[in-house]
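Let's walk through this structure together, from the overall layout down to a few backbone details. Keep the 3D view open as you read.

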Amino acid sequence: MPTRNKTDDSKTLILGITGCIAAYKSPDIARGFMKLGYKVVPVLTKAATQFITPLTMQSICGGKAITSLFDLKNDNQFSHLSLSSQASAVLIAPATANILSKLANGTADDALSTLVLASKAPLFIAPAMNEKMYQNRKTQKNIDSLKKENAVFIGPQIGSLACGEEGVGRLAKVSLIVNSVEEALSDKYDFAGKKILVTAGGTREAIDPVRFIGNRSSGKMGYACAIELKNRGARVKLISANCSLSNPEGVEVINVETSKQMLEQVKANFSWAQAVIMSAAVSDFSPKKVLKEKIKKGKDLSVNLQKTPDILGELAKVKGNKILIGFAAESQDLISNAAKKLKDKKLDLIFANDITKKDSGFSSAYSELTCISPVGTEAIGRKLKEEAAAIVADKLKELFDSKILF
Ligand SMILES: Cc1cc2nc3c(=O)[nH]c(=O)nc-3n(C[C@H](O)[C@H](O)[C@H](O)COP(=O)(O)O)c2cc1C
């Protein structure tokens, strides 16, 4: 049995193999990525199976080698879509002139071309072919068109070709292929291997079967953080309280309604996470008694409230070496209130959100944030929530890199 380095699903590489003599190098390419901790999913064209067997690839990669679109239907009828959405990258090595033509023209007539068309993951291509095929005007046009769509080409190199000729068309060295992809991905996926729990939205506390105490949080900030972190390679679980936003692709969404359910889910997933971003607006109070029947219209009514569970307070007790980031929505004494929360809840960072500003905060597309850490305060200013999420992620990355936890 081959020994395998520990792989992580957050680094999943689809390795496309097409019909070239150089396909005999695909096992070495797969091994190169597996040594770097990648899970490699081999996808072979029909022609590729003439040069290397699916059995060889699956023995090396430790999972099924895909040779047909209809292989995929066993797990899920749309699993070509789920597989392509899980991929950190797609690499086609070696790539024939034929696959270049298919990809440049959007053909989807087999597993590999369909996966590529359905994937938003970065695409790397290492061509290998006879020099005349490579220099053919049509092949060059296909390469230009794929480059315009951000495909990254690795090689080909000049040297002796399988057909016995000398020239350009030789598959790039295995180490060059592996290192080029890894370098490009480590810049793009700076959260690869990280597990992050994010909360979003606003909890609801029932008064009767119809009414509740809620708040104006839309969940946009938390969703933006989850999407940013997922796009940068993290595995993300999103605990979502009453949001009407669509589930972000590739993020595990756990829906809750009340502060009690939010606490239960945060506790259940805390040991899994390396960092927690608490952006949900959790109600501070809930009715002492929930009425079974709808309260009838009539006289004035008073509802007795009680404190809800203190989720951040609970996490502070068991924080250990995990990173905790909070948000504070404040309408007065923004900095001092947020700084107090930072200290009381043993947070590493808090983003104070000024909800008095026009068109920012709850439900708005914008946030006006100030980042407060135990060592200082930094005004972030008014930003689109997607931009603010990128800043939150950068700050989290600094904490991961420095390993200085407060
Ligand atoms: C022995 C042999 C070697 C081949 N080597 C290459 C090659 O290096 N590059 C290439 O583009 N096509 C090569 N071909 C042609 C492809 O296998 C052919 O175009 C096939 O349709 C490609 O299918 P695919 O792109 O779906 O894998 C070779 C064919 C044979 C018979």
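**A loop asparagine and its surroundings**

N242 sits in the loop that links strand 11 (235–241) to strand 12 (252–256). Helices (H or I, at least four residues) and strands (E, at least two) are DSSP runs, numbered from the N terminus. Although N242 is not a glycine, its phi is positive, at about 55°. Is N242 buried or exposed? N242 counts as buried, because it has 20 C-beta neighbours inside 10 Å. The cut-offs are these: a residue is buried if 20 or more other C-beta atoms lie within 10 Å of its own, exposed if 12 or fewer, and partly exposed in between, with C-beta atoms placed from the backbone.

Before going further, a word on the model itself. It is a predicted one, in which local features need pLDDT of at least 70 and side-chain atom pairs count only at pLDDT 80 or more, while totals for chains, interfaces and linings use all residues. Residues are numbered from 1 along each chain as its sequence is written.

N150 counts as exposed because it has 8 C-beta neighbours inside 10 Å.

Now zoom out. The protein chain has 13 helices and 19 strands, and its C-alpha atoms fill a box of roughly 90 × 50 × 45 Å along the principal axes. Of its 406 residues, 42% are buried. Among contacts (C-beta atoms, placed from the backbone, within 7 Å) with a separation of 6 or more, 67% are between residues 24 or more positions apart.

How is the protein chain divided? There is domain 1 (8–188) and domain 2 (195–402), with bounds that come from an automatic or database domain assignment. Taken over C-alpha atoms, the centres of the two domains are 41 Å apart. Five residues of domain 1 are in contact with five residues of domain 2. On the domain 1 side, strand 1 (8–17) and helix 3 (79–86) each supply at least two of the touching residues.

Finally, look for two cis peptide bonds. One runs from A93 to P94, with omega near 0°, and P94 belongs to strand 3 (residues 89–95). Another joins G155 and P156, with omega about 10°; P156 is found in the loop between strand 5 (152–153) and strand 6 (157–160).

Note on methods. Contact = placed C-beta atoms within 7 Å.
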